Amino acid sequence: VVWVDAHADINTPLTSSSGNMHGMPLSFLVKELQPYISKLPGFEFIKPCLSAKNIAYIGLRDVDPGERYIIEKLGIQSFSMSEVDRHGIKDVVEKAMHYLDPEGVKPIHLSFDIDALDPSLAPSTGTPVPGGLSIREGNYICEELAATGRLTCVDIAEVNPSLGNERDNLITVNSALSIITHCFGGRRQGTYPKNYQIPIPTHTNHVAPPPS
């Protein structure tokens with residue numbers, strides 16, 4: 001799982017200072033955290049299915065103390081915006097993928113929270129944090145994962161048109177569409193259909209010369 005987000009979303013119910021469930025989804029899924037998870041009525045259907053070693057974060061910049069401790073205790077690979085600034089997005093993606101899948105054979109799940117992008121690019125979201133990824137960096141992540149041929153699942157989270165004005169909504173939706181397009185093989189250098197051929201002129205599609 002490549003988790004692109006401003007937030008770690010790995011608080012347990014007892015480490016969270018806010019009690020917001022949207023900051024806890026990973027804690028319910030990570031096997032190593034199950035001894036620390038409270039039994040919550042209505043959540044019995046959630047089964048831990050993910051090992052900490054199979055997660056890599058990109059873009060973190062708003063991490064709670066409990067989450068930071070969990071990340072370090074479990075050895076979860078984590079690239080905050082500090083690492084993106086220091087090493088560049090190319091090296092960060094390469095390091096994340098080499099850590100998760102050094103042999104290049106595993107299927108990849110991309111979880112992309114739109115607030116990973118800077119709020120200027122995604123204002124219509126619930127918990128914006130300044131200093132995020134550029135659209136170029138976001139698209140680069142998706143292009144590189146798509147190019148592996150092993151990107152099998154993508155979720156885009158926190159696009160919320162009920163927040164902000166019409167312009168905010170348009171900017172956010174366009175950013176999300178750009179991210180999705182690059183997950184599905186869109187490339188900034190251009191693309192063409194699989195069986196594309198250069199059209200050959202025939203007498204029926206010649207353009208008549210202008211009159212003299």
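**Reading the helices, cores and loops**

Author: Let us start with a helix. In α6, the buried residues are D168, N169, T172, S175, A176, S178, I179, H182 and C183. Please keep in mind throughout that this is a predicted model.

Reader: Which elements do the buried residues of α6 pack against?

Author: Their partners are β4, α5 and β5 (151-157).

Reader: What span should the 18 residues of α6 have at 1.5 Å a residue?

Author: They should span 26 Å, and the end C-alpha atoms of α6 are 26 Å apart, so the two values agree. Helix α4 (residues 89-100) can be read likewise: with 12 residues, α4 reaches 16 Å from its first C-alpha to its last, close to the expected 16 Å.

Reader: Which residues of α4 are buried, and where do they lie around the axis?

Author: The general idea comes from helix geometry. An α-helix has 3.6 residues a turn, so residues three or four places apart point the same way. In α4, the buried residues are I89, V92, V93, A96, M97 and L100. They cover an arc of only 120° around the axis, which puts them on the same side of α4.

Reader: How is a nonpolar core to be read?

Author: In soluble globular proteins, nonpolar side chains tend to be buried together. Here the largest nonpolar core has 29 residues, and V2, V4, I58, L110 and L133 touch the most other members. Two or more residues come from each of β1, β2, α3, α4, β4, α5 and α6 (166-183). The largest share, six residues, is given by α4. Another core, of 14 residues, lies apart from this one and has A8, A52, I55 and Y57 among its members.

Reader: What does V4 touch, leaving aside residues up to four places away in sequence?

Author: V4 touches I58, L110, S111, F112, D113, A116, L133 and I141.

Reader: Which residues have a positive phi although they are not glycines?

Author: Most residues other than glycine have a negative phi, and most peptide bonds are trans. D9 has a positive phi of about 55°, and E158 has one of about 70°. D9 sits in the loop between β1 and α1, and E158 in the loop between β5 and α6. D9 is buried, with a relative accessible area of 9%, while E158 is partly exposed at 32%.

Reader: Where is G75 found?

Author: G75 is in the loop between α2 (65-74) and β3. It is partly exposed, with a relative accessible area of 38%. Its C-alpha atom is separated by 7.3 Å from that of A52, 23 residues apart along the chain.

Reader: Finally, how is the whole protein to be summarised?

Author: Begin with the elements: there are six helices and five strands, which run β-α-β-α-β-α-α-β-α-β-α from the N terminus on. Next, consider overall dimensions. The protein has a radius of gyration of 21 Å, whereas a compact globule of 212 residues would have one near 17 Å. The C-alpha trace spans about 85 × 45 × 40 Å along its principal axes. As for the interior, buried residues make up 39% of the 212 residues. Of the contacts with a separation of 6 or more, 64% are between residues 24 or more positions apart.

Notes. Residues numbered from 1 in each chain as written. Predicted model: local features only at pLDDT ≥ 70, side-chain atom pairs only at ≥ 80, totals over all residues. Heavy atoms only, no water. Helix = DSSP H or I, 4+ residues; strand = E, 2+ residues; numbered from the N terminus. Expected span 1.5 Å × (residues − 1). Buried < 20%, exposed > 50% of the residue type's maximum accessible area, 1.4 Å probe, protein only. Arc of directions from axis to C-beta. Core = buried A, V, L, I, M, F, W, Y, C linked by side-chain atoms within 4.5 Å. Contact = heavy atoms within 4.5 Å. Rg over C-alpha atoms; globule rule 2.2 N^0.38 Å.
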